[in-house]
Structure formats: C-alpha cells, structure tokens
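Please read these notes with the model open beside you. Take the points in order and find each residue as it comes up.

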Amino acid sequence: MKDAKPTGPRSQMETGTNPGKADAKLGRDIQAKIGQQLRALYDEVVNQGVPDRFADLLNRLDKPDDKESR
Amino acid sequence: MALDASVREAVLAAVPSLRAFAISLCGNVDRADDLVQETLLRALANINSFQPGTNMSAWLFTILRNHFRSEYRKRRREVEDGDGSYAETLKSHPEQYGRVEFEEFRAALAKLPPDQREALVLVGASGFSYEEAATICECAVGTIKSRVNRARTRLSELMSVENVDDFGPDRTTRAILARTERA
C-alpha cells in the first residue's frame with residue numbers, strides 16, 4: 001500500500017474560528033480516517049474470498065480436452 | 001480451452017479485489033458480480049494477449065473498467081438519469097455494500113465524480129501505484145494524482161462538515177461497544 005500523500009494544508013473548507021494549526025491537524029485526522037475507512041470498506045469485500053460462481057466458471061472454461069478447442 | 005495453472009491461479013487470486021473494485025464502480029453487488037463474470041469471460045477469451053510476467057491483476061482491472069464504461073454507461077443512459085443513480089443504487093441496497101459503520105463514509109464516497117472515486121479506490125484501496133492506476137484508466141500519471149488529491153480534498157470537506165465532532169472514539173468502536181453492551 002502506498003503512503004497516503006496528504007493533500008497538504010488545503011483545509012480552506014474550515015470556516016470556523018480555529019486558525020491554521022488546528023485546521024491542519026483536523027485535515028490530517030480526516031485524511032487518516034478516509035484512508036482507513038476506504039480500505040475497511042474495500043477489504044470487507046476482499047475478505048469474502050472467491051465466490052463459488054467464479055471458481056465454477058473457471059472450472060467450466062478450463063477443459064484440457066474440450067472438443068471445440070484447436 | 002486449457003488454462004496454464006499459474007494463469008488460472010493468478011486470475012482466481014485477483015477475483016476478490018476485482019469484485020471490490022466492481023462494487024465501487026457500480027455500487028451494487030449483483031451487478032458487480034455480473035461485471036466480474038463478464039470480465040473473466042473476456043479475459044479468458046483473450047488470454048493470449050496477456051503478457052506473462054506482467055501484472056495479471058492490473059490487466060484484469062483494465063478489462064473490467066473498459067467493459068464497465070462501455071456497457072454499463074450505455075445501459076444507464078438508456079434507462080434514464082446521468083447523476084445520482086449511483087447514490088440511488090446505494091440507497092436501495094444499503095445492506096449490500098458495507099456495514100452501517102461505513103454509512104457516512106459511503107455516502108460521501110458516492111458524492112464523488114466517478115473518475116475521482118475510481119482513482120482513489122485504485123490507489124488508496126486496491127494498492128496500485130499511480131503508474132499502474134494510470135495504465136488501468138488509460139490516462140497520464142499526473143491526471144491520476146490530481147484526481148486522487150481532489151477526491152481526498154472533497155471527501156474531507158464532506159466528512160468534516162458532517163461530523164466535526166466525531167473524533168475520539170470513532171463510530172466503528174462505538175457501534176461495537178453499543179452492540180456489546182446490548183448483548
């Protein structure tokens with residue numbers, strides 16, 4: 001997994017009273033959270049492994065003696 | 001058709017990640033699995049164009065993405081709307097993609113333009129390099145980088161607006177705690 005390059009101090013979205021530093025910290029926290037949730041969501045599917053239909057599909061297609069091939 | 005054992009192995013190994021990518025593209029598990037199935041059929045029919053030693057997973061992702069773009073976009077246009085169908089799909093199948101803890105994040109992700117979402121998923125979740133993602137998306141590396149950056153910026157905007165006070169014990173932890181207490 002590549003390091004998540006932070007988008008830099010681009011937290012202009014904060015319009016609150018906190019100046020620079022707090023915003024940058026919040027920005028980093030959010031970026032970390034985004035990376036973590038994105039992977040968690042993705043891995044939830046990955047961890048389901050290979051559903052039978054795909055293993056079956058490969059088995060069906062992988063026939064050394066298929067009359068039609070060649 | 002007889003498959004080389006190592007090819008077969010590599011194809012099967014890529015399936016879980018292909019599914020996750022497909023779901024992120026179309027937002028629906030059933031459609032995603034059809035997409036994966038069609039991808040595998042195409043890939044195996046063209047297996048001779050795969051260059052041994054190159055990245056099987058990236059090759060399959062490229063086929064899947066191309067197929068998605070040609071087929072599913074066409075279909076979507078025929079059916080109706082341009083924007084919002086992804087979000088709608090997610091809404092109508094909330095149980096199909098991620099548990100409730102991810103709801104906020106998923107909603108934010110659904111608001112991203114497809115190009116940005118796809119770039120973010122490839123680099124941030126599938127673990128492809130910027131270069132590989134650029135190959136898969138058939139665009140320049142710089143384009144991928146800027147899409148990923150824009151996706152992250154947009155997500156952080158969405159998420160900080162929606163839950164500025166949500167740091168500390170995160171929602172996942174709290175959800176688990178709540179469940180444990182109830183049990």
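**Notes on a predicted model**

1. Start with B:Glu138, which is exposed, with a relative accessible area of 56%. The cut-off for exposed is over 50%, so B:Glu138 qualifies at 56%. Keep in mind that the model is predicted. Where does B:Glu138 sit? Look in the loop between α7 (130-137) and α8 (141-162) of chain B. Phi of B:Glu138 is near 50°, which is a positive value in a residue other than glycine.

2. Now take another glutamate of chain B. Is B:Glu118 buried or exposed? B:Glu118 is buried, and its relative accessible area is 4%. Under 20% counts as buried, so the 4% of B:Glu118 falls in that class. This residue belongs to helix α6 of chain B, residues 114-124.

3. Which residues surround B:Glu118, leaving aside neighbours within four places in sequence? B:Glu118 is in contact with B:Phe21, B:Leu25, B:Arg65, B:Arg69, B:Cys137 and B:Arg147. Some of these names come back in a salt-bridge network. That network links B:Arg65, B:Arg69, B:Asp115, B:Glu118 and B:Arg147. As background, side chains of opposite charge can pair when their charged atoms come close.

4. Look at one pair from this network. The side chains of B:Arg69 and B:Asp115 form a salt bridge, with N and O 3.7 Å apart. This pair joins distant parts of the chain: B:Arg69 lies in helix α3 (residues 56-79) and B:Asp115 in helix α6, both of chain B, 46 residues apart. B:Arg69 is partly exposed, at 25% relative accessible area. B:Asp115 is also partly exposed, at 26%.

5. How many salt bridges are there over all chains? The count is seven. Another of them is between B:Asp33 and B:Arg19, at 2.7 Å from N to O. Here too, distant parts of the chain are linked: B:Asp33 is in helix α2 of chain B and B:Arg19 in helix α1 (residues 5-26) of chain B, 14 residues apart. B:Asp33 is buried, at 9% relative accessibility. B:Arg19 is buried as well, at 5%.

6. A:Arg53 and B:Asp34 meet through their side chains, at 3.1 Å from N to O. The pair crosses between chains: A:Arg53 comes from helix α2 (residues 52-61) of chain A, and B:Asp34 from helix α2 (residues 29-45) of chain B. A:Arg53 counts as partly exposed, at 31% relative accessibility. B:Asp34 is likewise partly exposed, at 34%.

7. Stay with α2(A) and turn to α1(B). Their axes come within 11 Å and cross at roughly 150°. Angles over 145 degrees count as roughly antiparallel, so α2(A) and α1(B) are roughly antiparallel to each other. Their crossing is right-handed. From α2(A), the contact uses A:Phe54, A:Ala55, A:Leu58 and A:Asn59; from α1(B), it uses B:Arg8, B:Val11, B:Leu12, B:Val15 and B:Arg19. By class, this contact has six nonpolar, one polar and two charged residues.

8. Next, find A:Tyr42 in helix α1 (residues 20-46) of chain A. A:Tyr42 is buried, at 4% relative accessibility. What does A:Tyr42 touch, not counting residues up to four places away in sequence? The partners are B:Ser17, B:Ala20, B:Phe21, B:Phe61, B:Val121, B:Ala125 and B:Ser126. For scale, A:Tyr42 and A:Ala22 are 20 residues apart in sequence and 30 Å apart in space, C-alpha to C-alpha.

9. Finish with the helices α1(A) and α6(B). Their axes come within 10 Å and cross at roughly 80°. The range from 65 to 115 degrees counts as roughly perpendicular, so α1(A) and α6(B) are roughly perpendicular to each other. A:Leu38, A:Arg39 and A:Tyr42 in α1(A) meet B:Leu120, B:Val121 and B:Gly124 in α6(B). By class, the contact of α1(A) with α6(B) has four nonpolar, one polar and one charged residues.

How values were computed:
Residues are numbered from 1 along each chain as its sequence is written. Chains are lettered from A and ligands numbered from 1 in the order in which they are written. This is a predicted model: local features need pLDDT of at least 70, side-chain atom pairs count only at pLDDT 80 or more; totals for chains, interfaces and linings use all residues. Side-chain values use heavy atoms; hydrogens and water are left out. Helices (H or I, at least four residues) and strands (E, at least two) are DSSP runs, numbered from the N terminus. Buried means under 20% relative accessible area, exposed over 50%, partly exposed in between (1.4 Å probe, protein chains only). Contact means heavy atoms within 4.5 Å. A salt bridge is a side-chain nitrogen of Lys or Arg within 4 Å of a carboxyl oxygen of Asp or Glu. Axes are lines fitted to C-alpha atoms, for helices over the stretch in contact, and angles run from 0 to 180 degrees between N-to-C directions. Angles under 35 degrees count as roughly parallel, over 145 as roughly antiparallel, 65 to 115 as roughly perpendicular and the rest as oblique. A crossing is left-handed if the near helix is turned anticlockwise from the far one by less than a right angle, and right-handed if clockwise. Ala, Val, Leu, Ile, Met, Phe, Trp, Tyr, Cys and Pro count as nonpolar, Asp, Glu, Lys and Arg as charged, and the others, Gly among them, as polar.
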